[in-house]
Amino acid sequence: MTNSSSDSRALRKFLRHKPAVVASFIIAAYAVVAMLLLFTNMITMDDTLQRVGPETIPGFSSVQNPEKRLEDAEWLLDRIDTLAGREDPRAALDSFRDLGVRHVAEIPIEDLQQRVEEGWEIYDRLAEVEDLTAAVNGTLNSPDAPTGEVVLADLQQLELKLDELLAPMTAKEKSTRWFEMLFGTDRQGRSIFYRSVYSIRVAVLVGLITGLLSVTIGTIAGLLSGYFGGWVDNLITWLYSTFASIPNIVLLILLAFMFDGGHIDEPLNRWTGGLLKWLIGGRLDETLIPVYIAFTATFWIGPCRVIRGETLKIRELEYVQAATVMGFGRTRILLRHILPNVTYLMLINFSLLFIGAIKSEVILSFLGLGVKKGPSWGIMISQSKVEVINGFFWQIGTATVLMFFLVLAFNVLSDALQDVLDPKHV
Amino acid sequence: MSTTTTQSSEAKTTTRELALSVQNLTTSFRSDRGLVTAVSNVSFDLFKGEALGLVGESGCGKSVTSKSLMRLLPEHVTRYGSDSKVMLGSDNVMKYSNREMRKIRGNRIAMIFQEPMTALNPVFTIGWQLDEALRHHTKLNRADRRKRVVELLDMVEIPNPDKRYGEYPHQLSGGMRQRVVIAMALACEPEILIADEPTTALDVTIQAQILRLMNDLRERTGTAILLITHDLGVVAQTCDRVVVMYAGQVVEQASVGDLFHNPSHPYTRALLQSIPRSGKKEKGKRLATIDGIVPSLLDMPKACRFAERCDCRQPQCDVEMPELVNFSGDRSVRCHFPVHK
Amino acid sequence: MWAYILRRLAYNVPVYLSILLLVMLALRVRDPVFGRLPKNATTADIAQKRVELGIDRPFHQQFGSQLKQVATATFDEISWDYPGQTVGEVMSRCIGPSLSITLPSLVLTTLFSITVALISAWFRGRALDKGLVFVAVLGMSVSFLVYIIFGQYYGAYKLNEWLGYDVFAIYYNPEVSNAGWGEFFTSVWPRYYLLPVLISVVVAMGYDTRFYRAVMVEESARDYIVTATAKGASQSRIMFIHMLKNAMIPIITRVVITIPFLITGSFLLESYFGIPGMGNQLIVAVESGDFPIVQSFTAVFAAVYIASNLLTDVLYALVDPRVRLS
């Protein structure tokens with residue numbers, strides 16, 4: 001019986017497992033997005049850093065409360081005012097991209113400044129009102145406070161003035177704008193949509209690279225120690241025991257910290273950063289290297305233990321003994337007889353480690369040790385703590401949901417893989 | 001294998017009492033590919049004190065049949081035919097509640113299985129496990145139970161029974177464990193013992209001992225034995241009558257002598273022919289086999305299920321399902337063109 | 001058996017030494033002095049600081065001193081972040097809060113998980129089992145941090161608001177550290193510790209239930225179960241006596257393996273709820289480069305970890321009659 005028939009049988013059994021197929025599609029979708037993020041400019045890092053609107057705007061909403069509208073108007077007016085006062089106002093205003101896709105209209109500077117002045121007038125009026133929301137609702141008990149309709153009318157006028165200052169949006173810009181504001185903004189006015197989708201890049205990178213490295217190193221260690229025994233086994237077991245006796249989190253943090261700003265960090269970055277830059281053109285994010293190293297050093301022990309155990313078992317099986325008796329070299333036996341039979345364990349461990357990496361990234365980022373450049377789900381979740389107290393769930397919600405589907409898909413996938421490939425699985 | 005058979009001819013003549021009567025047993029399983037019927041309309045009688053062999057190749061349904069008798073199959077996926085009856089005395093076991101079933105298991109009907117190495121619970125002592133059977137079905141006190149356990153161990157010829165009481169299964173060899181299993185099954189003196197391939201996993205010498213033991217016990221206690229096996233040699237040595245199964249159906253029933261000397265169904269004849277023989281005459285001859293394979297449970301022929309592999313196949317065999325016909329005394333056969341001599 | 005234990009302990013000595021070595025070397029990659037001196041420190045200041053911290057000594061002396069502390073179990077080095085307090089003192093004040101979370105959490109999680117796993121195994125393959133497994137998988141796909149944030153928000157903040165009075169405290173109040181035993185159990189623990197424990201139980205249950213369920217399902221497929229059924233045993237007897245005693249072996253193993261983690265404490269929970277436990281302390285120490293604390297805490301943990309591994313093997317031999325320690 002050749003390998004291919006049992007492979008195809010396994011494949012067919014896998015395909016009959018509906019949740020697993022769905023999970024595979026989900027993972028593929030994430031992978032595609034990650035590729036796009038890595039190699040095209042679909043969403044750039046800048047997109048995630050620039051302010052696209054007022055702070056903490058909830059998603060799916062176009063209605064904002066009056067205070068927010070006023071804040072937003074003030075910020076816009078202030079920026080335009082400042083930029084218009086620069087040496088080369090036109091150039092300054094042209095480069096003003098901070099409101100997402102919107103940009104300043106092509107009107108003469110004097111006109112612009114006059115409109116800004118008019119805007120400030122209205123703003124000042126509104127700024128005097130103590131509680132805009134109450135005024136609008138008619139619940140403000142202040143004798144000389146304007147009525148609700150007056151406040152709203154003022155706000156609308158202010159916003160019309162601002163619209164005049166901003167160039168009208170093309171259809172394409174309108175749709176982009178819709179995406180920008182889809183899940184709202186965080187405390188710095190950045191688009192949650194952009195940030196959470198861009199985080200897929202980090203998640204996939206960390207999961208993929210960590211998973212591949214850990215499984216590779218763990219498998220090699222496990223195979224060598226299981227098959228050759230003797231001092232090789234002793235050495236690897238000693239190494240393994242050392243790493244395993246330190247709690248995971250402590251090890252992660254110790255290593256991340258160690259590589260983070262210490263003596264090792266810069267030269268290592270430069271060396272591998274250069275190498276990787278040459279390989280992928282700088283897309284692999286050299287600042288993540290401490291993370292890769294810390295994760296790999298912590299996670300390699302999982303696959304190593306499992307593969308070593310399995311190798312020990314397989315080594316005693318008759319067909320391996322037969323191969324030895326027939327005079328095949330040990331390397332050949334290792335590669336041709338043992339390795340193919342542990343591949344399924346490698347696969348299963350990879351998917352489990354992928355999940356572990358993503359979840360650990362959240363924890364590292366919480367400590368400020370993980371991702372440095374750009375957003376990640378971990379950063380978003382840890383930043384959202386303050387927002388949650390005020391009842392704002394959009395940042396944590398979006399990050400959690402996006403992470404949830406990826407992790408769930410891998411969980412389902414690893415379950416299905418175990419079902420199909422591991423003869424002893426229940 | 002010797003061709004002499006043991007016959008207890010006395011058992012045939014006078015009044016025989018029914019121990020168990022299986023009528024129209026049909027067992028199906030719910031699977032994700034639909035309802036799969038493993039056993040179709042199986043009927044046979046088991047008389048007190050006799051040894052009935054249930055023979056057939058792997059997958060013919062004999063294990064499912066035996067497990068159906070004790071309702072040991074997983075409840076929520078097993079479906080029995082509506083007219084399936086298993087009569088123990090005047091009760092239909094198929095209609096028993098779970099509670100009633102538990103009362104007769106190990107008590108009136110007992111069962112032993114193929115794998116002695118894994119049949120016993122590894123974390124409890126032999127004595128405890130035998131004691132459990134007694135505790136469940138009898139009202140003996142602790143001291144009496146202990147005595148009885150030692151008696152049982154002695155009965156199955158385990159040396160040093162007192163010491164063995166406190167030992168664990170892993171401390172015994174395969175043959176010993178099977179003896180313990182037999183002791184456990186006979187602890188409450190059941191009327192019927194179902195033995196599902198009890199010697200298949202044991203080597204030949206032990207096999208002979210176990211079979212002899214079972215025969216002795218049968219003669220002593222009068223327990224009826226339903227012996228399930230694929231090994232015709234075992235049948236010849238131990239059984240009084242035989243039921244042959246193929247593809248979920250009974251295809252022939254006869255006494256041992258009749259079956260071996262005058263097989264009626266083409267399948268039985270082919271089986272007997274395929275037994276390797278020794279002797280000068282046989283030198284140079286090829287081993288006889290039955291061509292083809294058993295039809296898949298999902299794709300059973302509507303007519304005779306053996307037709308495809310039968311060397312006396314006729315057009316009618318592919319059209320009409322033959323009925324199980326009793327043609328003389330104890331003999332029945334399911335074939336359109338049986339051989340009668 | 002004692003020969004086995006001694007042999008295992010001896011074998012673990014090189015491992016332990018290398019753990020200490022690894023931790024101490026990793027820490028010394030970054031010079032701790034610079035974080036503790038003002039920007040305009042002179043060379044003399046730096047040198048003096050080094051003496052003060054004890055890192056001017058050759059490495060093997062520092063290593064030896066750490067080893068001695070472990071061997072005599074007296075952690076008397078002074079913590080760098082808490083001048084005047086020895087590491088031992090820091091540890092003893094932190095261990096209480098950590099245990100107040102981890103111990104109840106372990107007990108509750110184990111009880112609940114085994115119960116749910118039993119239910120799942122009893123109804124194996126049916127809707128209830130599939131439903132429970134599904135819920136477990138869903139639960140495992142959300143980050144611990146999210147559970148904490150939402151738990152804190154709804155469990156403390158919102159609940160207090162809704163009920164009108166403070167049931168669970170949102171944040172730890174350092175003053176309650178001095179409460180007496182009686183007060184601790186009746187008012188301090190429920191108010192400050194119960195919520196984190198509940199969160200921890202919810203998170204851990206997903207993993208444990210899946211593992212215990214797998215163990216039980218595997219056991220319930222064994223031949224001796226069929227034998228027991230054929231003897232006339234009821235399903236509850238089969239499950240709780242025949243199967244459970246066999247399943248206990250991997251279950252006990254798993255519980256014992258978790259024992260070392262009782263003292264690390266869950267640093268996430270401690271950090272979010274402000275509980276001054278070992279976990280939080282350790283992470284803070286790593287970040288601020290407080291060598292004595294990091295070294296000693298890790299040393300203690302590693303020792304407990306190795307000891308509990310050994311304990312697992314011994315327990316295995318005691319519980320499973322088939323196992324003989326060689």
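In chain B, strand β11 and strand β13 (residues 331-333) run antiparallel and are joined by two bridges. Strands here are DSSP runs of E with at least two residues, helices are runs of H or I with at least four, and both are numbered from the N terminus. Two strands count as paired if DSSP finds at least two bridges between them. One spot to look for is B:Q253, which stands opposite B:S332 in β13(B). B:Q253 is also the bridge partner of B:V243. The hairpin of β10(B) and β11(B) has two residues between the strands, and in it B:A247 takes a positive phi near 50°. How many residues of strand β11 (residues 249-255) of chain B are buried? Seven of the seven are, so the strand is largely enclosed by the rest of the structure. Buried means under 20% relative accessible area, exposed means over 50%, and partly exposed is in between, using a 1.4 Å probe and protein chains only.

A word on the ground rules: this is a predicted model, in which local features need pLDDT of at least 70 and side-chain atom pairs count only at pLDDT 80 or more, while totals for chains, interfaces and linings use all residues. Residues are numbered from 1 along each chain as its sequence is written, chains are lettered from A and ligands numbered from 1 in the order in which they are written, and side-chain values use heavy atoms, with hydrogens and water left out.

Still in chain B, strand β7 (residues 109-112) is covered on both faces. In a regular strand, side chains alternate between the two faces of the sheet. For β7(B), B:I109 and B:M111 are on one side, B:A110 and B:I112 are on the other, and all of them are buried. β7(B) pairs with strand β8 (residues 192-196) of chain B in the parallel sense, over four bridges. Within that pairing, B:A110 stands opposite B:L193 in β8(B).

Chain C has 13 helices and zero strands. Its C-alpha atoms fill a box of roughly 85 × 60 × 40 Å along the principal axes. Of the 326 residues in chain C, 48% are buried. Looking at contacts in chain C with a separation of 6 or more, 71% come from residues 24 or more positions apart; a contact means heavy atoms within 4.5 Å.

Chain C is split into domain 1 (2-72) and domain 2 (96-319), with bounds that come from an automatic or database domain assignment. The C-alpha centres of these two domains lie 33 Å apart. Where they touch, 18 residues of domain 1 of chain C meet 17 residues of domain 2 of chain C. Together the two domains bury about 1500 Å², with 70% of it on carbon and sulfur atoms. Buried area is the accessible area (1.4 Å probe) that two parts lose on being put together, summed over both. On the domain 1 side, C:R8, C:Y16 and C:L27 lose the most area to domain 2 of chain C, together 32% of what that side buries. One salt bridge is counted between the domains, a salt bridge being a side-chain nitrogen of Lys or Arg within 4 Å of a carboxyl oxygen of Asp or Glu. The side chains of C:R8 and C:D313 meet in a salt bridge, at 2.2 Å from N to O. α1 (2-27) and α3 (59-72) of chain C each give two or more residues to the domain 1 side. The largest share of that side, 11 residues, comes from α1(C).

About 4100 Å² is buried between chain A and chain C, and carbon and sulfur atoms give 75% of that. Across this interface the rule finds one salt bridge. C:R210 and A:D415 form a salt bridge, with their closest N and O atoms 2.8 Å apart.

Finally, A:N137 sits in helix α7 (residues 132-137) of chain A. A:N137 is exposed, with a relative accessible area of 56%. The C-alpha atoms of A:N137 and A:T147 are separated by 9.1 Å, and these residues are 10 apart along the chain.
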